[in-house]
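Good morning, and thank you for making time for this short talk. I would like to go through one protein slowly, starting from the whole chain and ending with a few single residues.

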Amino acid sequence: MTGSIRRSKPYLLGVAGGSGSGKTFFARALRQQLGPSHCELIYQDNFYIDQSARFDRDGGSVNFDHPDSIDFPLLARCLRELQEGRSTEIPIYDFATHTRSPQTLKVEPRPILIVDGILILHSELARGLFDERIFFDTPEAIRFQRRMERDVKERGRTPEGVKTQFLKQVKPMHDLYVEPSKAHASRVVCDQGDFSMALREVSERLQKFL
């Protein structure tokens, strides 16, 4: 590609924000524009620690939004391996049994690596590896409505369980850990009107690394 910039290691982009903020939609759209052969997408959700011994019920005691629920040392190790040009084995978390699957997902290094997760900018281990950090700052009412629709339709959750979990775990953890991590972002996307502009600008800018 004319005007491209050759890098010795992949460009690592962190996309963060609260649950339902639009970050995952953005990350997937960006990967689609850049092309799967040039860009890999890695999800924080794959790195949940086994919760099978503690999980009790929908909206129960397991707090999936607390930083301690994520294996950030493993995430950082996988990202470093990719940055060094080596393939890595990403864990697969089984949300039905709340265990790690015995299988793993082999990921090959690509020129662009996107990492999606609500807590990736909170973790010092993860955020120190990113070349760029984007945070989606979306109003709580919108985030809650999106989470309600997603969890009920796609994950078979009950509306009561979703609401209980949001009020007891998601919102407090967002206020305590996710929202403050915005300070580490190199760009903050504030509303829906800014989404298309951000997608276009980031996509055009990253094309030069392909």
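Helices here are DSSP runs of H or I with at least four residues, strands are DSSP runs of E with at least two, and both are numbered from the N terminus. Counted in that way, the protein has 6 helices and 7 strands, and their order from the N terminus on is β-α-β-α-β-β-β-α-β-α-α-β-α.

Before we go on, please keep in mind that this is a predicted model, in which local features need pLDDT of at least 70 and side-chain atom pairs count only at pLDDT 80 or more, while totals for chains, interfaces and linings use all residues. Residues are numbered from 1 along each chain as its sequence is written, and side-chain values use heavy atoms, with hydrogens and water left out.

Let me begin with the overall form. Along the principal axes, the C-alpha atoms of the protein fill a box of roughly 55 × 40 × 30 Å. The radius of gyration, which is taken over C-alpha atoms and compared with a globule rule of 2.2 Å times the number of residues to the power 0.38, is 17 Å, and this agrees with the value near 17 Å that a compact globule of 210 residues would have. Of the 210 residues, 49% are buried, where buried means under 20% relative accessible area, exposed means over 50%, and partly exposed lies in between, with a 1.4 Å probe and protein chains only. If we take contact to mean heavy atoms within 4.5 Å, then among contacts between residues at least 6 apart in sequence, 73% join residues at least 24 apart.

Now to the helix pairs. At what angle do H1 and H6 pack? Helix H1 (residues 23-34) and helix H6 (residues 192-206) pack at about 40°, with their axes 10 Å apart; axes are lines fitted to C-alpha atoms, for helices over the stretch in contact, and angles run from 0 to 180 degrees between N-to-C directions. Angles under 35 degrees count as roughly parallel, over 145 as roughly antiparallel, 65 to 115 as roughly perpendicular and the rest as oblique, and H1 is therefore oblique to H6. On the H1 side, the residues that meet H6 are Phe25, Phe26, Ala29, Leu30, Gln33 and Leu34, and on the H6 side they are Phe195, Ala198, Leu199, Val202, Ser203 and Leu206.

The second pair is helix H4 (residues 140-155) with helix H5 (residues 159-178), which pack at an angle of about 135° with axes 10 Å apart, and these two helices are oblique as well.

Finally, let us look at single residues. Arginine 187 lies in strand E7 (residues 187-189), and although 52 residues separate arginine 187 from phenylalanine 135 in sequence, their C-alpha atoms are 6.4 Å apart in space. Beyond its neighbours within four places in sequence, arginine 187 has contacts that include Phe135, Asp194 and Glu201.

Aspartate 71 sits in the loop between strand E2 (39-43) and helix H2 (72-83). Is aspartate 71 buried or exposed? With a relative accessible area of 18%, aspartate 71 is buried, and, again leaving aside neighbours within four places, aspartate 71 touches Phe47, Ile49 and Arg100.

Most residues other than glycine have a negative phi. Histidine 98, however, which is not a glycine, has a positive phi of about 55°. Histidine 98 is in the loop between strand E3 (88-94) and strand E4 (99-107), and at 7% relative accessibility it counts as buried.
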